[in-house]
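Visitor: Hi, I have a structure to look through and I'm new to this. Can you help me read it?

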Amino acid sequence: MRRIPRRVRAWGALMDRMRSMHVATMTDADIARNQTLRHVPAPVKAVVFGPRVRGVVATDAVATRSTSRAGSGVPVRVYRRSQQGDRDRPLLLYFHGGGWTLFGGLDACDHLPSVLAARLDAVVVAVDYRLAPRHPHPAQLDDCEDALLWAVDSASSLGASPARVAVVGDSAGGHLAAAVALRARRLGGPVLSAQALIYPVVSRSVDDASMLENAGAPVLHRADMVRFLSLFTAEGAVAAAPCPEAFPEEADSLAGLPPALVQLGSHDVLRDQGRRYADRLEREGVAVRVAEYPDAPHGWVSYPRIMSPIFETATADLVAWLEDRLTP
């Protein structure tokens with residue numbers, strides 16, 4: 001394990017001084033403001049959260065298969081290269097992080113999906129799923145499933161292949177990618193070629209070694225996870241009995257799931273649950289690659305410039321792995 005880079009430690013120290021930068025200290029009004037970040041100027045968002053990659057166009061749409069929003073549909077943003085080739089592209093569903101509670105509206109989540117669209121020549125569908133606390137579990141998962149079904153049904157019109165589909169997510173989005181894969185297996189489809197889980201939340205545990213070791217590490221504190229989980233589960237409304245769609249680690253079996261990439265930061269509170277999940281996937285016959293970055297805390301997807309070169313290394317690994325899985 002290497003030391004967290006100085007610039008990242010400085011960013012963490014700045015976050016710790018501001019009440020509205022950690023959900024554990026946010027008021028309800030802070031949460032409401034930070035769900036869309038409309039109060040943050042676009043140039044500031046681009047500096048902090050990363051810009052959309054040049055040469056990629058993004059189109060807002062509505063995934064109209066939705067039943068979870070009373071037929072109103074799920075907002076999505078579709079990314080593709082501006083210069084399109086003639087072949088069907090891989091189709092990626094991207095689920096953003098933010099503890100199921102923050103970063104809605106997608107304007108703060110433009111960078112990674114545009115990078116994937118550019119480097120893989122893929123169609124990437126980013127999902128603006130409903131957020132806690134107003135919409136606790138399973139609203140987020142229902143929206144992500146609806147978006148996946150819509151995207152697969154619409155693959156031809158999107159210029160994508162319904163036979164080369166992957167789900168990608170970071171943090172709470174990593175949970176949603178894992179849970180969508182579990183639900184698709186249970187329902188018999190759609191068939192997924194890959195699941196990329198970037199420092200995913202897969203457990204309700206807040207007391208394992210990495211939680212305690214990294215309780216005050218940059219970006220995500222243990223106290224933040226305690227509050228995120230409380231908001232996500234509506235303060236305990238999720239049953240104490242095993243609930244794999246809320247916590248994939250609790251599934252009876254992981255056999256038959258798509259190949260997985262699990263990316264972890266050594267200084268992240270979520271490190272150990274990610275390791276456990278990857279170990280189980282491998283034991284139960286799923287092809288798994290684990291990539292752990294020894295100088296990384298949580299959050300390189302959210303803060304790509306601040307956490308460069310961690311972001312660049314991890315994203316290069318992600319692109320290479322997806323390319324191997326999605327190339328016909």
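Visitor: By class, how many nonpolar, polar and charged residues are in the lining of the second largest pocket?

Guide: Three are nonpolar, five polar and seven charged. Here Ala, Val, Leu, Ile, Met, Phe, Trp, Tyr, Cys and Pro count as nonpolar, Asp, Glu, Lys and Arg as charged, and the others, Gly among them, as polar. This is a predicted model: local features need pLDDT of at least 70, side-chain atom pairs count only at pLDDT 80 or more, and totals for chains, interfaces and linings use all residues. Residues are numbered from 1 along each chain as its sequence is written, and side-chain values use heavy atoms, with hydrogens and water left out.

Visitor: Which residues lie nearest the centre of that second largest pocket?

Guide: Gln35, Thr36, Gly105, Asp128 and Leu131 do, out of 15 lining residues. The volume of this pocket is about 310 Å³. On a 1 Å grid over the protein atoms alone, a pocket is an open set of points with protein on both sides within 12 Å along at least five of seven lines, and lining residues have an atom within 4 Å of a point. Grid points are joined across faces, edges and corners, and a volume is the space filled by probe spheres set on the points.

Visitor: And what volume does the largest pocket have?

Guide: About 630 Å³. Its lining has 37 residues, with Met15, Met21, Phe49, Phe103 and Tyr303 closest to the centre. Helices H1 (6-16), H2 (28-34), H3 (42-49) and H9 (222-232) each give two or more residues to that lining. Helices (H or I, at least four residues) and strands (E, at least two) are DSSP runs, numbered from the N terminus. By class, the lining has 22 nonpolar, 11 polar and four charged residues.

Visitor: New topic. How many salt bridges are there?

Guide: The structure holds 24. A salt bridge is a side-chain nitrogen of Lys or Arg within 4 Å of a carboxyl oxygen of Asp or Glu. Side chains of opposite charge can pair when their charged atoms come close.

Visitor: Which residue pairs with aspartate 60?

Guide: Arginine 77, with the closest N and O atoms 2.7 Å apart. Aspartate 60 is in strand S1 (residues 56-63) and arginine 77 in strand S2 (residues 74-81), 17 residues apart.

Visitor: Is aspartate 60 buried or exposed?

Guide: Exposed, at 53% relative accessible area. Arginine 77 is buried, at 6%. Buried means under 20% relative accessible area, exposed over 50%, partly exposed in between (1.4 Å probe, protein chains only).

Visitor: What about glutamate 245 and arginine 183, what do their side chains form?

Guide: A salt bridge, 2.8 Å from N to O. Glutamate 245 sits in the loop between H9 and strand S7 (260-265) and arginine 183 in helix H7 (residues 172-187), so the pair ties together parts 62 residues apart in sequence. Both residues are buried.

Visitor: Last topic: how many cavities of 30 Å³ or more are there?

Guide: Two. A cavity is a set of grid points where a 1.4 Å probe fits but cannot get out.

Visitor: Which element gives the largest share of the second largest cavity's lining?

Guide: H7, with four residues. Arg183 is one of the lining residues, and the salt bridge with glutamate 245 involves that arginine too.
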